[in-house]
Amino acid sequence: MARGIVLFGAPGAGKGTLADKIKKVFPVVHVSTGDLLRENVRRGTEVGKKAKGFMDQGKLVPDDIVIAMVRERIGKDDARKSGFMLDGFPRTVEQAQALDKVARIDAVLVIDIKKEDLRKRILGRRSCTKCGKIYNIYNERLRPKREGFCDNDGTKLMQRDDDNEDTFEKRWNTYLGQSEHVIDYYSKKAGLVRRLDGTRTMDLSEEELRKALS
Ligand code: G5P
Ligand code: MG
């Protein structure tokens, strides 16, 4: 059975940024359901067509679509061999139950952060469509060296369609509606949930990361 970890947290909590950091220490396959869905929307696939409306409204894409997508991705050879790190999945108890049928979860990292800290992160986020690197124009340490372009490959940075005030509010409310149930689900499994302070995940040392994932 495939094995992996889960990164859990509000919109803009820093899941994608933390995933990049973890990948440098543990060579696991990063599976972001948001990134996979956005890729489907860009390519105009059937999944993308079904998902777009939900994403634009800050609502969850139906479980059956997302579960099928994740099962397919974590069933691939690389994820089975190296293990996987889920970012943004599961978001409902149904998704968590479906995951338990096909994989073993070794740790659930919950990023704790207050709503008032998130708005600037969401509105200031820019990302590279080629390599996925995440920036923030309001944070000196997270700004690209050349405004508007990726440090890694010079690709023009983009702003996500759902990164605006209105959709952020909706995404936040969706998160509040589901998060407690998912955390409860995992809290019943001893030792699985580890809490991280979302104001400093960017600064976690390698030692702290190893400890959180031990
Ligand atoms: P996504 O794509 O999963 P969200 O809303 O869960 O979207 P998001 O917005 O991608 O999560 P994140 O990955 O948690 O946020 O955060 P990030 O990108 O790393 O960081 C945000 C900003 O803060 C960046 O600018 C970064 O530079 C900065 N930052 C990061 N860390 C720090 C730090 O430590 N300090 C400071 N100061 N700044 C930092 O899902 C999108 C949509 O897809 C659908 C839904 O419609 C969803 O709304 N979807 C699903 N639907 C159903 N089920 C699922 N499982 C689904 N998954 C996705
Ligand atoms: Mg993300």
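At 3% relative accessibility, D163 counts as buried, where buried means under 20% relative accessible area, exposed over 50% and partly exposed in between, with a 1.4 Å probe and protein chains only. The structure is a predicted model, in which local features need pLDDT of at least 70, side-chain atom pairs count only at pLDDT 80 or more, and totals for chains, interfaces and linings use all residues. Residues are numbered from 1 along each chain as its sequence is written, chains are lettered from A and ligands numbered from 1 in the order in which they are written, and side-chain values use heavy atoms, with hydrogens and water left out.

D163 lies in the loop between β7 and α8; helices (H or I, at least four residues) and strands (E, at least two) are DSSP runs, numbered from the N terminus. The side chains of D163 and R125 are joined by a polar contact of 2.9 Å. A polar contact is a pair of N or O atoms within 3.5 Å; within protein, one must be able to donate a hydrogen and the other to accept it, and residues adjacent in sequence count only if both atoms are side-chain atoms. With neighbours within four places in sequence left aside, D163 is in contact with I122, L123, R125 and R171, contact meaning heavy atoms within 4.5 Å.

Strand β5 comprises residues 125-128 and pairs with β7 in the antiparallel sense over two bridges; two strands pair if DSSP finds at least two bridges between them. In this pairing S127 stands opposite M158 of β7. The strands belong to an open sheet of three, ordered β6-β5-β7, with antiparallel pairing. Its edge strands are β6 (134-136) and β7 (157-158), each of which pairs on one side only.

A second open sheet has five strands in the order β2-β3-β1-β4-β8, and its pairing is parallel. Here the edge strands, each pairing on one side only, are β2 (29-32) and β8 (193-197). From one strand to the next the twist averages 25°; axes are lines fitted to C-alpha atoms, for helices over the stretch in contact, and angles run from 0 to 180 degrees between N-to-C directions. Four bridges join β2 to strand β3 (residues 84-87) in the parallel sense, with H30 opposite M85 in β3.

Helix α6 (residues 93-102) packs on this sheet and touches β1 (2-9), β3 and β4 (103-112), its direction making about 145° with that of β4. Helix α8 (residues 165-187) also packs on the sheet, where it touches β1, β4 and β8; the direction of α8 makes about 140° with that of β1.

Strand β4 is mostly covered, with seven of its 10 residues buried. Eight bridges pair β1 with β4 in the parallel sense, and L109 in β4 is the bridge partner of L7. The parallel pairing of β4 with β8 runs over five bridges, and V110 stands opposite R195 in β8.

The two helices, α6 and α8, pack at an angle of about 35°, with their axes 9 Å apart. At this contact V93, A96, Q97, L99 and D100 in α6 meet H181, V182, Y185 and Y186 in α8. By class, the residues of the contact are six nonpolar, two polar and one charged; Ala, Val, Leu, Ile, Met, Phe, Trp, Tyr, Cys and Pro count as nonpolar, Asp, Glu, Lys and Arg as charged, and the others, Gly among them, as polar.

The largest nonpolar core has 54 residues, of which L18, I22, F84, L86, L99 and Y186 touch the most other members. Such a core is a set of buried Ala, Val, Leu, Ile, Met, Phe, Trp, Tyr and Cys residues joined through side-chain atoms within 4.5 Å. Not counting residues up to four places away in sequence, Y186 touches V6, P90, A96, L99, V108, L192 and V193.

The loop between β3 and α6 holds F89, which counts as buried because its relative accessibility is 2%.

Leaving aside neighbours within four places in sequence, T92 is in contact with L60, D63, Q178 and V182.
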